[in-house]
Structure formats: structure tokens, C-alpha cells
Amino acid sequence: MKLIVGLGNPGKEYEETRHNIGFKVIDELSKELQIPLNESKFKGLYGKGNINGERVLLLKPMTYMNLSGEAVSALMNFYKISAEELLVIYDELDLPVGKIRLRYKGSAGGHNGIKSIIQHIGTQEFKRIRIGIDRPERGKSISDYVLGKFNKEDIPIIEEMVQKSVKACEEWIDKPFLEVMNIYNQ
């Protein structure tokens, strides 16, 4: 069973913010795979499906970003999912808008949602799709920036990154992650 998690914050006021790009990918993946997010438990909104014989869970933690690990670990424990079968999608300040990077493992890199997941599942060895949102201008607050909306000119680029991320998730269901990394990390 594979667990694909998109990070974000619940609530209408956060919907189109940079920090909610993970939620956006899960929403698109839900449509694409026809796995409705219709279960509200374990501090998250999730859905289950079968894709090519593989059980797949999609999750949007409803804990707010800094506590994402609570929902992720609760679902992993209930369904007995190992960190090897976990893929987390989130915003990345250190990548420019237009870039996505797939990684096997790594530190939180200052991302509080990832920090929470690492704390709750006890390892940093899980797969990730990092979606570039760029850094704010000098002197601007990082929290204001990540909780702000994308610039109009960035929206088509963001949509393309969301679609690329969806395709990478779909490919991971059938292929080894290293193979998927080789395709998308170019």
C-alpha cells in the first residue's frame, strides 16, 4: 500500500497560497485517479483506491502545516504503512518557481511540515516531491510569503508543476522511485 501526502493548511483563506501547493497536487491526483477524498479521520482528509492492483491512499492533513506529522503517523500506524511506501509533496523555498525535485530522503531543510513528519514517524528516509516557490524578496517575512498567493504571471507555471507532480505520483505507483526521479529531475 502506498501513501501519498500533500502538505498544506485547512481553510478557505489558505486555499491558493504557496504553502498549499501540496494540497493542490492531491486534489488533482484525486480527480485523475478517481480516488475521492471522502474520509475524515486521523486528523486528515483522505481517500483509498486501487490502481493497477496497488492500494493507494491520498492524504491531506487537516492539522495545519506545523503538525502534519500527527495525521501522517496516525494513518501509517493504522494501515501499517512503512516509510518506504510514503511520498510527501510540499512547497520548497530553495527551488525557483517552475522546478520540481524528487528526493529519496533528507532533512527538513527548515520546512515545519516535514520537520513534524520526521519527528512523528521517526525517520527522514521517505520520498518527497519538492515544488519550487522561490524565496521572498530581501526583507520580506518568510511566513507572509509562503502564506501569500502566487503572482499572476506564476499561475500557468504553477499549474504545469502541479500536473508534472501528479504524473510523477502516478508513475511511482507502477515504477521504482529511482526511475521516476531520473525522469523528473532534469
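Gln34 sits in the loop between α1 and β2 (39–41), in a predicted model where local features need pLDDT of at least 70, side-chain atom pairs count only at pLDDT 80 or more, and totals for chains, interfaces and linings use all residues. Residues are numbered from 1 along each chain as its sequence is written, and side-chain values use heavy atoms, with hydrogens and water left out. Helices (H or I, at least four residues) and strands (E, at least two) are DSSP runs, numbered from the N terminus.

**Loop residues with positive phi**

- Although Gln34 is not a glycine, its phi is positive, about 55°.
- Gln34 has 69% relative accessibility and so counts as exposed; here exposed means over 50% relative accessible area, buried under 20%, and partly exposed in between (1.4 Å probe, protein chains only).
- Asn52, in the loop between β3 and β4, is not a glycine either, and has a positive phi of about 50°.
- With 62% relative accessibility, Asn52 counts as exposed.

**Helix α2**

- Helix α2 (residues 68–79) has 12 residues and reaches 17 Å from its first C-alpha to its last, close to the 16 Å expected at 1.5 Å a residue; the expected span is 1.5 Å times one less than the number of residues.
- Its buried residues are Ser68, Gly69, Ala71, Val72, Ser73, Leu75, Met76 and Tyr79.
- The cover over these buried residues of α2 includes β1 (2–6), β3 (44–51), β4 (54–61), β5 and α3 (112–121), where contact means heavy atoms within 4.5 Å.
- Lys80 follows α2 and has a positive phi, near 55°.

**Helix α6**

- In helix α6 (residues 177–184), the buried residues are Phe177, Val180, Met181 and Tyr184.
- Looking down the axis of α6, these buried residues fall within an arc of 105°, so they line one face of the helix; the arc is that of the directions from the helix axis to the C-beta atoms.
- Their packing partners are β5 (86–92), β6 (100–103), β7 (127–132) and α5 (155–174).

**Pockets**

- On a 1 Å grid over the protein atoms alone, a pocket is an open set of points where a 1.4 Å probe fits, with protein on both sides within 12 Å along at least five of seven lines, and lining residues have an atom within 4 Å of a point.
- The largest pocket has a volume of about 310 Å³, a volume being the space filled by probe spheres set on the points, with grid points joined across faces, edges and corners.
- Of the 17 residues lining the largest pocket, His19, Gly110, His111, Asn112 and Val146 are the closest to its centre.
- α4 gives the most to that lining, with 3 residues.
- The lining of the largest pocket divides into 6 nonpolar, 8 polar and 3 charged residues; Ala, Val, Leu, Ile, Met, Phe, Trp, Tyr, Cys and Pro count as nonpolar, Asp, Glu, Lys and Arg as charged, and the others, Gly among them, as polar.
- The second largest pocket has a volume of about 240 Å³, and of its 14 lining residues the closest to the centre are Glu15, Phe23, Lys24, Asp27 and Lys60.
- Helix α1 (residues 21–33) supplies the largest share of this second lining, 5 residues.
- The lining of the second largest pocket divides into 3 nonpolar, 3 polar and 8 charged residues.

**Asp27 and its contacts**

- Asp27 is found in helix α1 and, at 30% relative accessibility, counts as partly exposed.
- Leaving aside neighbours within four places in sequence, Asp27 is in contact with Leu37 and Lys60.
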